[in-house]
Amino acid sequence: LPLLKDTFWIGHGPDTFPMYYPQDDIIGKLNTFRDIRAVVDKPHSFYIQVAHNTGVISLLALLVLFGFYLIQSVKLYWKRRSSDTWVIAGKIIMGAVLAYLITSIFNDSVIYVAPIFWTLLGAGFAVNYQVKQLY
């Protein structure tokens, strides 16, 4: 977190974390990796990764987007008991997006899962639009 003081407006750029992270913690590397030559290359948090790569302002904009989707979804589906396909799909997508956002606190964004998340988020906005039109 102390590294973020220099990345408020703009970040250091994609995948530059290892260049700015202090790599001189020999005891920590021995305890964790059993090798002092290991390089810590990720912050192991999607949110810290975004703030470091593109800036804290960028992270705040992303959190606003996620918050907008979750608030919109909760308002639509909170007490709605329906067997309509759109409502069921919306609830499932909201659960999947929420699960990803929670696990992102302790996990990086990886190429295997990130495209699925962004597709689900976009589909979630589209399904919410459809549900609003129906009800």
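This note walks through a predicted model in numbered points, from the whole chain down to single residues.

1. **Ground rules.** Residues are numbered from 1 along each chain as its sequence is written, and side-chain values use heavy atoms, with hydrogens and water left out. Because the model is predicted, local features need pLDDT of at least 70 and side-chain atom pairs count only at pLDDT 80 or more, while totals for chains, interfaces and linings use all residues.

2. **The overall plan.** The protein chain has 6 helices and 0 strands (helices are DSSP runs of H or I with at least four residues, strands are runs of E with at least two, and both are numbered from the N terminus). Read along the sequence, the pattern is α-α-α-α-α-α. The radius of gyration of the protein chain is 19 Å, well over the 14 Å that the globule rule gives for 135 residues, so the chain is more spread out than a compact globule. Here the radius is taken over C-alpha atoms, and the globule rule is 2.2 Å times the number of residues to the power 0.38. Along its principal axes, the C-alpha trace spans about 60 × 35 × 20 Å.

3. **Burial and contacts in the chain.** Buried residues make up 33% of the 135 residues (buried means under 20% relative accessible area, exposed over 50%, and partly exposed in between, with a 1.4 Å probe and protein chains only). Take the contacts between residues at least 6 apart in sequence: 67% of them join residues at least 24 apart (contact means heavy atoms within 4.5 Å).

4. **Helix 3, a covered helix.** Have a look at helix 3 (46-54). Of its 9 residues, 7 are buried, namely Phe46, Tyr47, Gln49, Val50, Ala51, His52 and Asn53. These buried residues pack against helix 1, helix 4, helix 5 and helix 6. After helix 3 comes Gly55, with a positive phi near 110 degrees.

5. **Helix 3 against helix 4.** The axes of helix 3 and helix 4 come within 6 Å and cross at roughly 135 degrees (axes are lines fitted to C-alpha atoms, for helices over the stretch in contact, and angles run from 0 to 180 degrees between N-to-C directions). That makes helix 3 oblique to helix 4; angles under 35 degrees count as roughly parallel, over 145 as roughly antiparallel, 65 to 115 as roughly perpendicular, and the rest as oblique. Phe46, Tyr47, Val50, Ala51 and Thr54 of helix 3 meet Val56, Ser58, Leu59, Leu62, Leu63 and Phe66 of helix 4. By class, this contact has 9 nonpolar, 2 polar and no charged residues (Ala, Val, Leu, Ile, Met, Phe, Trp, Tyr, Cys and Pro count as nonpolar, Asp, Glu, Lys and Arg as charged, and the others, Gly among them, as polar).

6. **Helix 4 against helix 5.** The axes of helix 4 and helix 5 (residues 85-103) come within 10 Å and cross at roughly 145 degrees. The contact includes Ser73 and Tyr77 of helix 4, and Met94 and Leu101 of helix 5. It has 12 nonpolar, 2 polar and 1 charged residues.

7. **Helix 4 against helix 6.** Helix 4 and helix 6 (residues 114-134) pack at an angle of about 40 degrees, with their axes 10 Å apart, and are therefore oblique to each other. Among the residues that meet here are Ser73 in helix 4 and Asn128 in helix 6. The contact has 13 nonpolar, 4 polar and 1 charged residues.

8. Is Ser73 buried or exposed? Ser73, which sits in helix 4 (residues 56-77), is buried, with a relative accessible area of 0%. Not counting residues up to four places away in sequence, Ser73 touches Met94 and Asn128.

9. Gly11 lies in the segment before helix 1 (17-20) and counts as buried at 19% relative accessibility. Gly11 and Thr54 are 43 residues apart in sequence, yet 4.0 Å apart in space, C-alpha to C-alpha. Leaving out residues up to four places away in sequence, Gly11 touches Ala51, His52, Asn53, Thr54 and Gly55.

10. **Two backbone angles to check.** Most residues other than glycine have a negative phi. Asp15 is not a glycine, but has a positive phi of about 55 degrees; Asp15 lies in the segment before helix 1 and counts as exposed at 60% relative accessibility. His44, also not a glycine, has a positive phi of about 60 degrees and lies in the loop between helix 2 (26-33) and helix 3.
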